[in-house]
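The entries below follow the order in which I looked things up.

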Amino acid sequence: MGFNRGKVDATKRGIGPRVAPKRIVYEPIARTHFWRKLRGHFYPCWEKFLKKTNIVTRRRFIAMGAMGTAGVWTGCSDAFGARFIRGFMNEIGRPIARCKSTPKPSEWNPNAITAAWLGHASVLVNFYGATILTDPVLMPRIGAAVGVGTVGPKRLIAPALAVEELPKIDVVLLSHAHFDHFDIPTLNALPAGPKAVTARRTGDLLTDSAMNCPTELGWGEKTTVATQYGDIQIEAFEVRHWGARWRHDKYRGYNGYVLSREGKKIIFGGDTALTEHFRPLRSDGPFELAIMPIGSYKPFERSHCTPEQSVQMANDAGAKYLLPIHHKTFTLGREPRGEPLERLEAALEPERIGWRAVGETFVIG
Ligand SMILES: [Zn+2]
């Protein structure tokens with residue numbers, strides 16, 4: 001037989017018995033088996049490391065988890081608390097704009113009504129010589145005191161007058177205990193002398209101030225304050241708002257006020273949503289002016305009126321002039337900063353709008 005150099009079966013070459021070629025089978029390692037094995041290696045080392053270093057205790061692990069969750073909540077949530085903290089962080093380092101107008105109370109005529117907007121709901125009123133300061137908030141921030149400072153919204157614009165620039169005050173009129181109306185640092189900084197008139201069950205907050213014997217008024221209640229220029233009658237009326245400073249103190253009251261003197265009357269609306277309670281005031285009028293909130297209505301229309309609603313309430317009471325407050329000073333609502341005034345201009349005759357900027361003064365001779 002000749003030697004076939006072509007295709008020859010190895011088994012036919014006569015080299016040993018016929019043996020089936022070995023096939024290497026690559027069995028896939030089961031996934032669970034792999035992880036179990038890895039875990040078996042990894043966990044003892046990890047536990048050993050933790051025990052040795054004591055870096056991550058169970059308590060620390062829980063704390064880190066909580067911090068991570070809080071961080072995600074703060075960054076993404078639409079809840080008030082998260083927006084509040086985001087706002088606080090964003091405002092660090094932002095300068096406070098200078099107020100362009102400065103009221104000059106020393107030049108005011110004691111035989112007239114003069115009012116100056118100091119910012120937000122703070123208005124300095126000369127009511128035929130008697131001086132009233134409403135909801136004084138004159139510090140750079142409002143909110144909770146945390147020892148090293150105040151945590152809360154920062155002013156957009158400086159107050160038109162600092163505490164030390166205020167004239168002698170006869171009455172400090174407080175509508176309710178919310179932080180943007182009832183600022184303890186400002187109240188504590190005021191010199192002794194004024195009589196405080198405040199809403200029901202809010203006087204306890206004045207313990208550390210010079211006005212530690214306030215008169216608390218419920219709706220429909222009146223008081224008379226004597227000044228060197230004569231008496232002022234102050235009557236509280238119901239508005240649509242709420243009084244809790246924190247979550248637990250829902251018992252606190254909230255007021256609007258009517259001030260009467262020399263046969264003239266003015267309204268301080270405080271903080272309110274649209275309500276029918278201004279309508280009955282008309283029979284006690286006429287009112288020379290109404291100091292009315294116009295901002296923070298988006299999305300809080302259930303507690304803060306829109307500019308149009310503010311006009312409607314001032315008209316319900318029959319007020320001659322509307323002095324707009326509660327806008328331009330802090331970012332509290334989500335409406336654009338200039339919107340409240342634009343809407344007010346569209347809703348009311350221009351000559352009935354008392355002022356347009358923080359620091360402006362309005363006079364009725
Ligand atoms: Zn309020």
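The model is a predicted one.

**Entry 1: overall counts.** I counted secondary structure in the protein chain and got six helices and 15 strands. The chain has 365 residues, of which 36% count as buried. I then took the contacts between residues at least 6 apart in sequence, and 63% of them join residues at least 24 apart.

**Entry 2: the seven-stranded sheet.** I traced an open sheet of seven strands in the order E8-E7-E6-E3-E2-E1-E15, with mixed pairing. Strand E8 (215–217) and strand E15 (361–364) stand at the edges with a single partner strand each, so one side of each has no neighbour in the sheet. From one strand to the next the twist averages 20°.

**Entry 3: E3 and its two partners.** I looked at strand E2 (residues 122–127) against E3 and found antiparallel pairing over five bridges. Asparagine 126 has threonine 131 in E3 as its bridge partner. The two strands, E2 and E3, form a hairpin with two residues between them. In that turn, tyrosine 128 has a positive phi of about 50°.

On the other pairing, E3 (residues 130–134) runs parallel to strand E6 (residues 171–173), and three bridges join them. Leucine 133 stands opposite valine 172 in E6, and threonine 134 has leucine 173 in E6 as its bridge partner.

**Entry 4: the six-stranded sheet.** I traced another open sheet, this one of six strands, in the order E9-E10-E11-E12-E13-E14 and with mixed pairing. Its edge strands are E9 (222–227) and E14 (319–325), each of which pairs on one side only. The twist here averages 20° from one strand to the next. Inside this sheet I checked strand E11 (residues 256–261) against strand E12 (residues 264–268): the two run antiparallel and are joined by five bridges. Valine 258 stands opposite isoleucine 267 in E12.

**Entry 5: the core.** I looked up the largest nonpolar core, which has 74 residues. Val123, Ile267, Ala290 and Leu323 have the most contacts inside it.

**Entry 6: H5 and H6.** Helix H5 (residues 307–317) lies across E12, strand E13 (287–293) and E14, and runs at about 155° to E13. The buried residues of H5 are Pro307, Gln309, Ser310, Val311, Met313, Ala314 and Ala317. Their cover includes E12, E13, E14 and H6. After H5 comes glycine 318, whose phi is positive, near 85°.

I then took the axes of H5 and helix H6 (residues 339–347), which come within 8 Å and cross at roughly 45°. That angle makes H5 oblique to H6. The crossing is right-handed. Pro307, Glu308 and Val311 of H5 make the contact with Pro340, Arg343, Leu344 and Ala347 of H6.

- Glycine 285 and proline 286 are joined by a cis peptide bond with omega about 5°; proline 286 sits in the loop between E12 and E13.
- Lysine 298 and proline 299 are also joined by a cis peptide bond, with omega about 0°; proline 299 lies in the loop between E13 and H5.
- Arginine 201 has a positive phi near 60° and is in the loop between strand E7 (195–199) and E8.
- Lysine 328 has a positive phi near 70° and is in the loop between E14 and H6.

Lysine 328 has 22 other C-beta atoms within 10 Å and is buried, the cut-off for buried being 20 or more.

Definitions and conventions:
Residues are numbered from 1 along each chain as its sequence is written. This is a predicted model: local features need pLDDT of at least 70, side-chain atom pairs count only at pLDDT 80 or more; totals for chains, interfaces and linings use all residues. Helices (H or I, at least four residues) and strands (E, at least two) are DSSP runs, numbered from the N terminus. A residue is buried if 20 or more other C-beta atoms lie within 10 Å of its own, exposed if 12 or fewer, and partly exposed in between; C-beta atoms are placed from the backbone. Two residues are in contact if their C-beta atoms, placed from the backbone, lie within 7 Å. Two strands pair if DSSP finds at least two bridges between them. Axes are lines fitted to C-alpha atoms, for helices over the stretch in contact, and angles run from 0 to 180 degrees between N-to-C directions. A nonpolar core is a set of buried Ala, Val, Leu, Ile, Met, Phe, Trp, Tyr and Cys residues joined through C-beta atoms within 7 Å. Angles under 35 degrees count as roughly parallel, over 145 as roughly antiparallel, 65 to 115 as roughly perpendicular and the rest as oblique. A crossing is left-handed if the near helix is turned anticlockwise from the far one by less than a right angle, and right-handed if clockwise.
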